[in-house]
Each structure stands twice: as structure tokens, then as C-alpha cells.
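Subject: Structure handover

Hi,

Here is the structure I promised to pass on to you. Please open it alongside this note, and my findings follow below.

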Amino acid sequence: MKVAYYAPLPPARTGVADYAAALLAALRRHGDVQPNARHAGVALYHLGNNQLHRDIYRRALAEPGIVVLHDAVLHHFFLGALDRAAYIDEFVYNYGEWHRALADDLWRARASSGFDRRYFDYPMLRRIAERSRTVIVHNPAAARMVRQHAPGATVVEIPHLFAAPDLPPAWEVVRLRQSLGIPTHAFLFGVFGYLRESKRLFSVLRAFDRLRQTRPDTHLLVAGPFVSADLERAGAPLLNAPGIVRLPYLAPRDFWSAALAVDACINLRYPAAGETSGIAIRLMGVAKPVLLTNGEENSPYPPTACLRIEPGVAEEDSLWRHMFLLTSVKECAGEIGLRASAHIVEHHQAVRIAQQYWDTLCAFRH
């Protein structure tokens, strides 16, 4: 069987590109899988909330196949891909004519779409879910969103893939911590990836400032670019606080050095977009404890394999308490990290995930 494979691939600087490259390599052990192939038995389309997926989305509608939803909220994709009239029409297609005025309001207020809950409450999935032969998602929240928009859609839940990396040697990790000015005994938290409003960076920075008042030997690494200049300017004063170090976008090898250098990862998402964080999967895979927003997206993880942070008004206090726990009980971080790694090995390994994809592709080929 020949599979046409549509996805952004490296050097595109997205988590979807990294995921797609790892899955492509794993799928090729099963059969003929070719990027952008024509006259294939089935097509696999990777979709996310990024304009890199614009042509892929159009092709997925024109030539239906199997769609992988990396983000189950495509609202922000449409805000960037459509003009006002087309956006309103798409919103109405999803939610009915009686929502036309709401669509107009959302279009005019789109500058706040990164943090306004309304944009996450309307995923706008109906067209792609109805058109596709099946929809692959990574978590129960995404599956629920698809079924709400297209009750007749075939939905397959496949866990997010973990591709075991070639890890840098220990001396590189030690050298990185030294270059950042992190003492050997200090506890280092890390925030990785594109810095957008939903990653709750301001809550993280305030909780860290509170923690450092009683734990001055703690540090925070913030690695990744801001998604907007306005957000970067707003965060600058907090990022200049003692104990915080900044790194830009990290190439794969540098990312893994930094991932091994931290003692715990903070990976919050609120409002959530139905996504499973690839960063969380990677850090858990290398036995690091990860602090995650408590929500349906993260419900498949065992409660002993991660730390769950309550969203909303309790978020900052919940985060501080869990950070305090990790820095107070020496064995806690290591034990949670080992349980996280065991879960990833059992449920997320590339060989296992590729087999589930291949079975799905075979079931829906022409």
C-alpha cells in the first residue's frame, strides 16, 4: 500500500514538523509512505493551528483521507487564513445562522484570541471532520470536540508519539548548566517552546518569584521565542528577575541538552486547544517530572507520573505549592520522573504508535 503523507517537516520550527518526521520514519518500516505523493491508496494529513497547514487543509478537503488533528481547536487557524466574510461564513457553517453576530464580534476582537476563552470554546471542526474518512486525535478532549461537531465522524484516538533521541553526553549537560550560571546543587525548572498567552508564563514567573523568597537556590530557564512583540514587552520586567535565565529557540540537540539540564518542566496550557503537548511527552520520556494543567487533555497520564496544576483562580497557588514540594522533598522529582518515563515507554513509543497508525491506514485505504 502506498500512503501520501502531507505535513510540515524539518527545518520548519514546529512541534508538528518534528512529530511528523519521527512518524514518517517509523511508518516507512511498514510500507511505502511518500510526502506529497500522488495516486496513493490513502492520504494522511497533519493539521494544526498554524498557517503552515493552510495548503494541507485545502487538500484534505479536496481529496479526503485520514486527518491527524494536532490541535483540536482550529479557530485561530481560520482567523489567520480567512478574511472577515469567509471567517463569518465558516463560523456560521459550524454553529448556525443565529451565531452570525457573535462571529462578527469575534472577528473584530481577534487581537485577544490568544487568551479570550471564547475562541477556544468554538473549535470550528465541522467541515474537516465531516469531510475526512477518519480523524485521528491524541487525547479524549480532542475526540469529544470532533464528535460534538460531527457526530457521524469516525474518530480514532492514538497517543502522541515519543521518538527516543540520541541524547547528548553528560558533560555537555553539565557544561550547559555552568554556562547558564546554575550551581550543581540548585534546582532548575524549565519552560520550553513558543511562548504564547495560553502557556501561562506570567503565572509561572509570579509563582517562581514567590518560591525564590524561601528557596533562593532555585532557578528558572525560559527557552523559546515569544509569539508576539507585545507579549515579549509585557513579560520583560518579570523575566529580568533574579534566578531567571533566557534562551532563544533551541535546535534539536540544544533542546535535549537543556531538557536534561532541568530538574523539572513546567508545561501549562490554559485555555487548552485539545492538544497533547509534544514537549511534555519528550520531558516525561527522559524521566523529568512535568507540571501540567489539570484537564481532559492530560487525563490519560497516571496521577503519579506528573503533577497537575489547577487552572483558573487557583492556578498560581497550585503551581507554587507543587514547585515548593519538588524543591523540598529530595526524592520526589526523581520518583515522579521515573514513573513518567515508564508510562511513556509503555504507551507512547514510536514503534507502538506507528503500528496503530498503520492499522488505521489499512482499514481506510481505497
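**What I found**

There are zero disulfides in the structure, a disulfide being a pair of cysteine sulfur atoms within 2.5 Å. The sulfur of Cys-306 is 12 Å from the closest cysteine sulfur, in Cys-265, which is too far for a bond. Cys-332 is in no disulfide either, and the nearest cysteine sulfur, that of Cys-306, is 12 Å away. Cys-306 is buried, at a relative accessible area of 5%, and Cys-332 is buried at 15% (buried is under 20% relative accessible area, exposed over 50%, partly exposed in between, with a 1.4 Å probe and protein chains only).

A word on the basis: this is a predicted model, in which local features need pLDDT of at least 70 and side-chain atom pairs count only at pLDDT 80 or more, while totals for chains, interfaces and linings use all residues. Residues are numbered from 1 along each chain as its sequence is written, and side-chain values use heavy atoms, with hydrogens and water left out.

Cys-332 also belongs to the buried residues of helix H15 (residues 330–347), along with Ala-333, Ile-336, Gly-337, Ala-340, Ser-341, His-343 and Ile-344. Helices (H or I, at least four residues) and strands (E, at least two) are DSSP runs, numbered from the N terminus. Seen down the axis of H15, its buried residues fall within an arc of 160°, so they line one face of the helix; the arc is that of the directions from the helix axis to the C-beta atoms. The face turned away from that buried side carries the exposed residues Lys-330, Glu-331 and Leu-338. The buried residues of H15 pack against strands E7 (187–192) and E12 (307–309) and helices H13 (278–285) and H14 (315–328), with contact meaning heavy atoms within 4.5 Å.

At the other end of the chain numbering, have a look at strand E1 (residues 2–6), where four of the five residues are buried. E1 pairs in the parallel sense with strand E2 (residues 32–35) over four bridges, and also in the parallel sense with strand E3 (residues 42–47) over four bridges. Two strands pair if DSSP finds at least two bridges between them. For Val-3, the bridge partner in E2 is Val-33, and in E3 the partner is Val-42.

Do tell me what you make of it.

Best wishes
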